[in-house]
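Here's a quick briefing on the fold and its side-chain pairs. Take a look at the model first, then read on.

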Amino acid sequence: MAGSIKIRASLSGDTTTVKALIKHEMETGLRKDKKTGEKIPAHFIQEVKCTLNGTSVLDAYWGGSVSKNPYLSFAFTGAKEGDKVALSWTDNMGESDSAEVVVK
């Protein structure tokens with residue numbers, strides 16, 4: 001799922017705000033296919049990680065209740081302009097993606 005993450009990191013004072021949009025179907029495993037009546041297999045993001053210059057600033061563990069194409073926003077302190085923020089996710093099917101952005 002390469003290219004599934006749109007991310008930006010902006011610095012305001014000493015607080016860095018990261019905003020990310022992740023393109024993912026996020027199936028719970030509870031819905032049925034309207035044509036066949038069969039359950040659609042669960043397919044959702046399980047783990048989201050964010051680092052600042054290689055140091056962890058966020059570890060999130062998600063489940064099937066998170067909506068399709070989730071939006072994630074969080075803030076932290078300690079970054080400066082030019083630092084690199086990397087965000088990655090892994091889902092229950094073993095798929096993953098990552099993206100990196102420079103703090104502005």
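A salt bridge here is a side-chain nitrogen of Lys or Arg within 4 Å of a carboxyl oxygen of Asp or Glu. Glu47 and Lys49 make one of these, with their closest N and O atoms 3.6 Å apart. Keep in mind that this is a predicted model: local features need pLDDT of at least 70, side-chain atom pairs count only at pLDDT 80 or more, and totals for chains, interfaces and linings use all residues. Residues are numbered from 1 along each chain as its sequence is written, and side-chain values use heavy atoms, with hydrogens and water left out.

**Overall picture**

- The chain has 0 helices and 7 strands, where helices (H or I, at least four residues) and strands (E, at least two) are DSSP runs numbered from the N terminus.
- Along the sequence that reads β-β-β-β-β-β-β.
- Taken along the principal axes, the C-alpha atoms fill a box of roughly 55 × 20 × 20 Å.
- Of the 104 residues, 35% are buried; buried means under 20% relative accessible area, exposed over 50%, and partly exposed in between, with a 1.4 Å probe and protein chains only.
- The accessible surface is about 6,500 Å², and carbon and sulfur atoms hold 49% of it; areas come from the Shrake-Rupley method with a 1.4 Å probe, and for residues only the protein chains shown count as cover.
- Among contacts (heavy atoms within 4.5 Å) with a separation of 6 or more, 54% are between residues 24 or more positions apart.

**The E1-E2-E5 sheet**

- Three strands line up as an open, antiparallel sheet in the order E1-E2-E5; two strands pair if DSSP finds at least two bridges between them.
- E1 (5-12) and E5 are the edge strands with a single partner each, so one side of each has no neighbour in the sheet.
- From one strand to the next, the twist averages 15°, with axes being lines fitted to C-alpha atoms (for helices, over the stretch in contact) and angles running from 0 to 180 degrees between N-to-C directions.
- E1 and E2 run antiparallel and are joined by 8 bridges, and Ala9 has Val18 in E2 as its bridge partner.
- Thr16 sits in strand E2 and is buried, at 0% relative accessible area.
- Beyond its neighbours within four places in sequence, Thr16 is in contact with residues including Leu11, Phe74, Phe76 and Val103.

**The E3-E4 hairpin**

- E3 and E4 form a hairpin with 2 residues between them, and Asn53 in the turn has a positive phi of about 50°.
- The two strands, E3 and E4, run antiparallel with 6 bridges between them.
- Lys49 has Asp59 in E4 as its bridge partner.

**Other salt bridges**

- The count for the model is 5 salt bridges.
- Glu25 pairs with Lys68, the closest N and O atoms being 3.6 Å apart.
- That pair links distant parts of the chain, 43 residues apart: Glu25 is in the loop between E2 (15-22) and E3 (45-52), and Lys68 is in the loop between E4 (55-61) and E5 (71-77).
- Glu25 is partly exposed at 42%, and Lys68 is partly exposed at 48%.
- Glu27 and Arg31 meet at 2.6 Å, N to O.
- In that pair, Glu27 is buried at 11%, whereas Arg31 is partly exposed at 45%.
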